[in-house]
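The points are numbered for reference.

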Amino acid sequence: MKNFTHSLLDRDNLNLVLDNLKLGVIAHTPKRIITVFNKEAERITGYSKEEVIGQDCHIAFQAPFCGPKCSFCEETPNLTSETKQYPVTNITKTGETRHLDMTVSAIIDNAGVFKGVVASFKDLTDSINLSLRAENMTNFAGIIGKAKSMQDIFRQIRDVALYNYPVHVSGDTGTGKERVAYAIHDISAYGTGAFVPVNCGAIPEGIVESELFGHVKGAFSGAVKERKGRFELAHKGTLFLDEVAELPLKTQVKLLRFLQEGSFEKVGGEKKVSVDVRIISATNKNLKQEVAQGRFREDLYYRLNVIPIHLPPLRERRSDIPLLATHFLAEAEQESGNKVPELAPETLNTLMDYGWPGNVRELKNSIQFSVVRSRGDKILPTDLPVDIAGEAQSPLSTISFSDPSPMEMPLTRGKLTIESIKIALTKTGGNKSKAARVLGVGRATLYRFLAQHETIKAYADRF
């Protein structure tokens, strides 16, 4: 009787401790039967202990409580002794959306036997919403930025992650379109599945359909066995179609059919293959212009562009440059294990004055280059790549030209026209790389424009 009384007291004391924690706590057995659910968990979720204790976790909450990274969705749990920590979006009993910071650990007894899991979680919803309203959040789902335009993007990522609608991310090269796509994937219900990125422009036209949808044995010469495509590899996850504007029209038709039906046929096959996959697309081109010029299907455009997210170029959010530079320096220090030099004030001024045609990617590369080149405890302007240091001494963004010829006309950096390219090529003596920097765009962007406009291409070839 004494031992039984002690047992009850121990249990009551444990419940008392748990109920006074400012963290939600839930525990369940290897069979997902809930055994612990404290008061903070009740407050956050809207469910009472009586409703969930003794119930299957997935049934009690009508979905995996631990979110898309739940380790108990399969018959055999894949949770090891390691602790998992990750953000998760949760729907309360009354239908409210709550953003939680979740920590999940295995429960192992003294004999080393796996007894279940315990999860603790903190409600970050109010602080996230407050930060977004105050526009002072600097890091959201791994994306760095405090400019108003980035705060708006953080809101979009947070909101769209709850739904399986197609998302189209647009923006210049180097602005971080894939990072946004991964952030949406990571905090969505598809976060447990694979994130499969595909650069549509890098796949030879002859095999792009096979790469995306797979093929059966004997479908074509060299098809010695059946092969899964990227759609199948992304089942229960996210397929990221980067540079989607480069897809051949024939493949666009097949992609449209998948978006309508949720199934496809492999190359050379007749059997329908169904997959559950989220589609996120991206391009640095204007898809509406591609539609108008007959290079992209209008019906596919509307299917992909359900939720549009546009990433601004770095030159339009210069206030983020110090924040990003500091972040990349910290990354370099962590990767090398050595203390890295700091940015001298004049170096930061140089970075702020530069046009950044390569956007965030170019800034990261420049910081890495400077860390390697610097020989002191400060990164000086002379430690920067020559293009950046040179432009800071003679800013290309303020170039103007003389009046009789079109060379006196001011250039709008980042916007390509036949006339502006002609001016830049004339000024640089036909050097396309320098002309791209004058125009404030990437070299590949300039080359694509030249390839699409025969008149200016012929003019460039004259040099």
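Is Arg 230 buried, partly exposed or exposed? Arg 230 is partly exposed, with a relative accessible area of 21%; buried means under 20%, exposed over 50% and partly exposed in between, with a 1.4 Å probe and protein chains only.

1. The model is predicted: local features need pLDDT of at least 70, side-chain atom pairs count only at pLDDT 80 or more, and totals for chains, interfaces and linings use all residues. Residues are numbered from 1 along each chain as its sequence is written, and side-chain values use heavy atoms, with hydrogens and water left out.

2. The whole structure holds 22 salt bridges, each defined as a side-chain nitrogen of Lys or Arg within 4 Å of a carboxyl oxygen of Asp or Glu.

3. Arg 230 forms a salt bridge with Glu 211 at 3.0 Å, N to O. Arg 230 is in helix 9 and Glu 211 in helix 8, so the pair ties together parts 19 residues apart in sequence. Helices are DSSP runs of H or I with at least four residues, numbered from the N terminus.

4. Glu 211 also has a salt bridge to Arg 227 (3.4 Å, N to O). Here Arg 227 sits in the loop between helix 8 and helix 9, 16 residues from Glu 211. Glu 211 is buried at 15% relative accessible area, whereas Arg 227 is partly exposed at 32%.

5. Glu 331 and Lys 364 pair at 3.7 Å, N to O. Glu 331 is partly exposed at 22%, and Lys 364 is partly exposed at 27%.

6. A network of salt bridges links Lys 148, Asp 152 and Arg 155.

Notes: Helices (H or I, at least four residues) and strands (E, at least two) are DSSP runs, numbered from the N terminus.
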